[in-house]
Amino acid sequence: MALTKKELVLVVSKETRVTQVEVKRTIQRTLHHIIENLKQGKTIELRNFGVFKVRTRAPRRGRNPKTGQEVPVPSKRVVVFKPGLLMRRGIK
């Protein structure tokens, strides 16, 4: 089961006694800045939480699952996440 943004807003609002509108606005602005910086190829490091980076996947040969025919798959940029120390400890 996934935690939705709405559920996150409710939890943070309740714990901090800040309005849901303000919490939602803050979360959305944070996500916006993370996305914009990743688009620029920057690394996002959130201490003890983790690091978001953009990597370029090399082009490769793929296979069409219906026909079995080989097809070229172009290179593309993908976001990767490496969990930080507290997250690694907390998940175990």
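Glutamate 22 is partly exposed, at 34% relative accessibility. That class runs between two limits: buried means under 20% relative accessible area and exposed means over 50%, with a 1.4 Å probe and protein chains only. The model is predicted, so local features need pLDDT of at least 70, side-chain atom pairs count only at pLDDT 80 or more, and totals for chains, interfaces and linings use all residues. Residues are numbered from 1 along each chain as its sequence is written, and side-chain values use heavy atoms, with hydrogens and water left out.

Glutamate 22 sits in helix α2. Helices here are DSSP runs of H or I with at least four residues, strands are runs of E with at least two, and both are numbered from the N terminus. Which side chain does glutamate 22 meet in a salt bridge? The partner is arginine 25, at 2.6 Å from N to O. A salt bridge requires a side-chain nitrogen of Lys or Arg within 4 Å of a carboxyl oxygen of Asp or Glu. Glutamate 22 and arginine 25 are three residues apart in helix α2, so about one helical turn separates them. Arginine 25 is also partly exposed, with a relative accessible area of 45%. Now look along the chain from glutamate 22 to glycine 84. These two residues are 62 apart in sequence, and their C-alpha atoms are separated by 28 Å.

Next, the helix pair. Two packed helices are described by the angle between their axes and the distance between the axes. Helix α1 covers residues 5–16 and helix α2 covers residues 20–39. They pack at an angle of about 125°, and their axes are 9 Å apart. Each axis is a line fitted to C-alpha atoms, for helices over the stretch in contact, and angles run from 0 to 180 degrees between N-to-C directions. α1 and α2 are therefore oblique to each other. Oblique is what remains once angles under 35 degrees are called roughly parallel, over 145 roughly antiparallel and 65 to 115 roughly perpendicular. The crossing of α1 past α2 is right-handed.

Which residues make the contact? From α1 come Lys5, Leu8, Val9, Leu10, Val12, Ser13 and Thr16. From α2 come Gln20, Val23, Lys24, Ile27, Gln28 and Leu31. Contact means heavy atoms within 4.5 Å. By class, the contact of α1 with α2 has seven nonpolar residues, four polar and two charged. Nonpolar covers Ala, Val, Leu, Ile, Met, Phe, Trp, Tyr, Cys and Pro; charged covers Asp, Glu, Lys and Arg; the others, Gly among them, are polar.

Glutamate 15 also belongs to helix α1. At 65% relative accessibility, glutamate 15 is exposed. Its C-alpha atom is 23 Å from that of histidine 32, which is 17 residues away along the chain.

Between α1 and α2 runs a loop that holds arginine 17. Most residues other than glycine have a negative phi. Arginine 17 counts as exposed, at 79% relative accessibility.

Asparagine 48 is another non-glycine residue with a positive phi, about 65°. Its place is the loop between β1 (44–46) and β2. With a relative accessible area of 43%, asparagine 48 is partly exposed.

How many does the structure hold? There are five. One of them joins the side chains of glutamate 45 and arginine 47, at 2.7 Å from N to O. Glutamate 45 is partly exposed, at 46% relative accessible area. Arginine 47 is exposed, at 69%.

Arginine 63 also forms a salt bridge, with glutamate 70. Their closest N and O atoms are 3.5 Å apart. Arginine 63 is exposed at 53% relative accessibility, and glutamate 70 is partly exposed at 40%. A network of salt bridges links Arg61, Arg63 and Glu70.

End in strand β2, residues 50–57, where threonine 56 is found. Threonine 56 is exposed, at 59% relative accessibility. Leaving aside neighbours within four places in sequence, threonine 56 is in contact with Ser75, Lys76 and Arg77. Lysine 5 lies 51 residues from threonine 56 in sequence and 28 Å from it in space, C-alpha to C-alpha.

How values were computed. Left-handed = near helix turned anticlockwise from the far one by under 90°.
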